[in-house]
Amino acid sequence: MTVSSAQAHWEGSLMEGQGEVEFLSSSLGSVEVDWKSRAGEGGTRTTPEELIAAAHSACYSMALSHALAGNGTPPATIDTKAAVTFVPGQGITGIALTVKASVPNLTPAQFAEFAENAKAGCPVSVALAGTQITLDATLV
């Protein structure tokens, strides 16, 4: 079992305040967060949604890589982008995964099946099951 942890510190009100998230498990340091960035009002700090996108893109890539290697067709490369949509007053309304991968000895149809299975089985996808997750997968 592995437990990963981070912590957040916030000062002030939601609209005027700011905070930071510190990555405890990896010792990556900390990043600043604020409402302006989250609401699309010109902020330059990270957001909870960007942190979710980072986790989802990494987890998805790892799940897809593992499945492909288990098939005897390990990928040369996998590039995954996760775009998490946040609407103030509604919350997270969707996640769009876009993946481009180079996988020798695999047809586009086979790749599409592996890509969909990775979307369904990735632990972060499972944790976010209450959110609509779309996938655009391309074999390059």
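Analyst: **From the hairpins onward**

Strands E1 and E2 make a hairpin, with six residues between them. In that turn, Gly12 has a positive phi of about 90°. This is a predicted model, where local features need pLDDT of at least 70, side-chain atom pairs count only at pLDDT 80 or more, and totals for chains, interfaces and linings use all residues. Residues are numbered from 1 along each chain as its sequence is written, and side-chain values use heavy atoms, with hydrogens and water left out.

E1 covers residues 6-11 and E2 residues 18-23. Strands (E, at least two residues) and helices (H or I, at least four) are DSSP runs, numbered from the N terminus. E1 and E2 run antiparallel, joined by six bridges. Two strands pair if DSSP finds at least two bridges between them. Ala8 stands opposite Val21 in E2.

Then comes strand E3 (residues 29-34), which pairs with E2 over six bridges, again antiparallel. Here Gln18 faces Asp34 of E3. Five residues separate the strands of this hairpin, and Ser27 has a positive phi near 60°.

Next, the aromatic rings. Rings of Phe, Tyr and Trp (its six-membered ring) pair if their centres lie within 6.5 Å; planes under 30 degrees apart are stacked, over 60 edge-to-face, the rest tilted. That rule gives one aromatic pair. The ring centres of Trp35 and Phe86 are 6.0 Å apart and the planes are at 85°, so the pair is edge-to-face. Trp35 belongs to helix H1 (residues 35-38) and Phe86 to strand E4 (residues 77-87), so the pair ties together parts 51 residues apart in sequence. Both Trp35 and Phe86 are buried. Buried means under 20% relative accessible area, exposed over 50%, and partly exposed in between (1.4 Å probe, protein chains only). Arg38 lies over the face of Phe86, 4.4 Å from the ring centre. A charge counts as over a ring if NZ of Lys or CZ of Arg is within 6 Å of the centre and within 35 degrees of the ring normal.

Last, helix H3 (residues 108-121). Its buried residues are Phe111, Phe114, Ala115, Ala118 and Lys119. Seen down the axis, they fall within an arc of 140°, so they line one face of H3. The arc is taken from the directions from the helix axis to the C-beta atoms. Ala109, Glu113 and Ala120 are exposed, on the face of H3 turned away from its buried side.
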